[in-house]
Amino acid sequence: MRKMLAIITFALMAASLYMAFVYAPTEPLMGHIQRIFYFHIGTVWVATIAFIIVFAASIMYLWKGTRKWDSLAYCSAELGVLFLTLTILTGSVWAKPVWNTWWTWDPQLTTTFILWILYIVYLILRSSAGNDTKKAKYAAVFGIIAFIDLPLVYLSVRVMRGISPVVFGPGGGGIAPEMMHTLLINMLAFTSLFVLLLLERLDLVRMKDTLEKLKLAGG
Amino acid sequence: MSKLWAIVNKDIVTELRTKELLTSMLTFSLLVIVIFSFTFGLSAELMNLAAPAMLWIAFSFAGILGLSRSFALEKEGNAIMGLLVTPADRSLIYFAKLLSNTVFVFLVAVIMVPMFVLFFNLRFTPGLLQLVPVIFFGSLGFVSVGTLFSAMALNTRLRDVLLPILVFPIVIPLLVSAVKLSSSVFSGGSVLDETPSLKLLIAFDIIFIAACSVVFEYVIEES
């Protein structure tokens, strides 16, 4: 089952690479650099899923108190931060030639940046807890509060900057159907990669727990 | 209700006996102002632009200072056990701590504003009174999140280091709207010119007081 998923992920990744670099037409204004967008959207999509999982799993953990929800939230947050880092990096690489800057404090970017910091804080908090279930609850509490905070962060950044138009987005305006296909395959590929990594990471946590128990039993 | 007041009263009486918290918070915010005046030079134009931001940076640093003491005080001599065995709902402890912490932060802020105006040669106008509600809602929101996290940070290994990195990213929307409102007041306008910020500030307070009071019971347990 896991093996199947790994093969599917590999195939999807290969397909998305091919589509992004060969199949999709070159964007007339930005040129080849626009191709990085497929990966940019793919990673940010996965990061979004990951943070929604953190939120839901944190609520479940506080409610049920079972270890698996805690591990799910923790592993998901790790992957979320990883993919969001990739999003920021690809975005930055794209912005340099197109906007002529690595970074600008526009609402979307600022919100993303704060989002990134929030979940790094989550990871600091969770990793300092170790196997302590009580402290794991703190991380869950933070996971919930951080998620609730996000819409407010977005609103506040818009208030601060004055409401600016959405500068880009393949969704805005018409795009070539080939581009749309490429984007969808990319999102699918990253989703499948995410699920695969998450399952593997959860296995790792389970093994660590088993090891811990064996150590205790062995004295 | 009387239980709530009992806890708030206890906090205020303790503070009045020692005056530790208020003096250290006030001194600290004064220091922040001194450092700012050094780093920014004293150009009046710059001051007008930077004043509201400085004000809120000073408040939030001082607020963190106060909050980190809030539960540390309970921990000393294990007074927290006394709180936990009171026949009251856990969220009641949260509301009581919220109230007493808000009183402290608000007091510091109210004392700071005139000093701030004085030191930076801004003008005293009746319009400045509009800062009072802004500071009130600002302190309330800051403390709503801070009280929850200070109870949390206390039991972790990182303790005081953790509190600011937990609180600051969460309160960004609050600080943004508070700074926006204050700068409108300082430049002679009214808070009503910035209704989106005002709404955001109040929404922040409501959302986080509700959310934090619900999750507080998972944070405060005997250790």
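# Reading helix packing and a nonpolar core

Q: In which hand does H6(B) pass H8(B)?

A: A crossing is left-handed if the near helix is turned anticlockwise from the far one by less than a right angle, and right-handed if clockwise. Here the crossing of H6(B) past H8(B) is left-handed. Helices are DSSP runs of H or I with at least four residues, strands are runs of E with at least two, and both are numbered from the N terminus. The model is predicted: local features need pLDDT of at least 70 and side-chain atom pairs count only at pLDDT 80 or more, while totals for chains, interfaces and linings use all residues. Residues are numbered from 1 along each chain as its sequence is written, and chains are lettered from A and ligands numbered from 1 in the order in which they are written.

Q: At what angle do H6(B) and H8(B) pack?

A: Axes are lines fitted to C-alpha atoms, for helices over the stretch in contact, and angles run from 0 to 180 degrees between N-to-C directions. Angles under 35 degrees count as roughly parallel, over 145 as roughly antiparallel, 65 to 115 as roughly perpendicular and the rest as oblique. For H6(B) and H8(B) the angle is about 20 degrees, with the axes 9 Å apart, and therefore H6(B) is roughly parallel to H8(B).

Q: Which residues of H6(B) and H8(B) meet?

A: Two residues are in contact if their C-beta atoms, placed from the backbone, lie within 7 Å. H6(B) contributes residues including Phe137(B), Ser144(B) and Leu148(B), and H8(B) residues including Phe204(B), Asp205(B) and Val219(B). The contact of H6(B) with H8(B) has 15 nonpolar, three polar and one charged residues (Ala, Val, Leu, Ile, Met, Phe, Trp, Tyr, Cys and Pro are nonpolar, Asp, Glu, Lys and Arg charged, the others, Gly among them, polar).

Q: How do the axes of H6(B) and H7(B) cross?

A: Helix H6 (residues 131-154) of chain B and H7(B) have axes that come within 9 Å and cross at roughly 175 degrees, so H6(B) is roughly antiparallel to H7(B). Gly138(B), Phe142(B) and Phe149(B) are among the H6(B) residues in this contact, and Leu166(B), Ile170(B) and Leu174(B) among those of H7(B). Of the residues in the contact of H6(B) with H7(B), 16 are nonpolar, five polar and none charged.

Q: How many residues does each chain give to the contact of chain A with chain B?

A: Chain B gives 24 residues and chain A gives 23. Helix H7 (162-186) and helix H8 (195-219) of chain B each supply at least two residues of the side that touches chain A. That side of chain B has 17 nonpolar, four polar and three charged residues.

Q: Why does Leu152(A) count as buried?

A: A residue is buried if 20 or more other C-beta atoms, placed from the backbone, lie within 10 Å of its own, exposed if 12 or fewer, and partly exposed in between. Leu152(A), in helix H5 (residues 133-161) of chain A, is buried because it has 21 C-beta neighbours inside 10 Å. Leaving out residues up to four places away in sequence, Leu152(A) touches Pro173(B), Leu200(B) and Phe204(B).

Q: Which residues have the most contacts inside the largest nonpolar core?

A: A nonpolar core is a set of buried Ala, Val, Leu, Ile, Met, Phe, Trp, Tyr and Cys residues joined through C-beta atoms within 7 Å. The largest has 124 residues, and Ala50(A), Val141(A) and Val219(B) have the most contacts inside it. H7(B) gives the most to this core, with 15 residues. Beyond its neighbours within four places in sequence, Val219(B) contacts Tyr138(A), Val141(A), Leu148(B), Ala151(B) and Met152(B).
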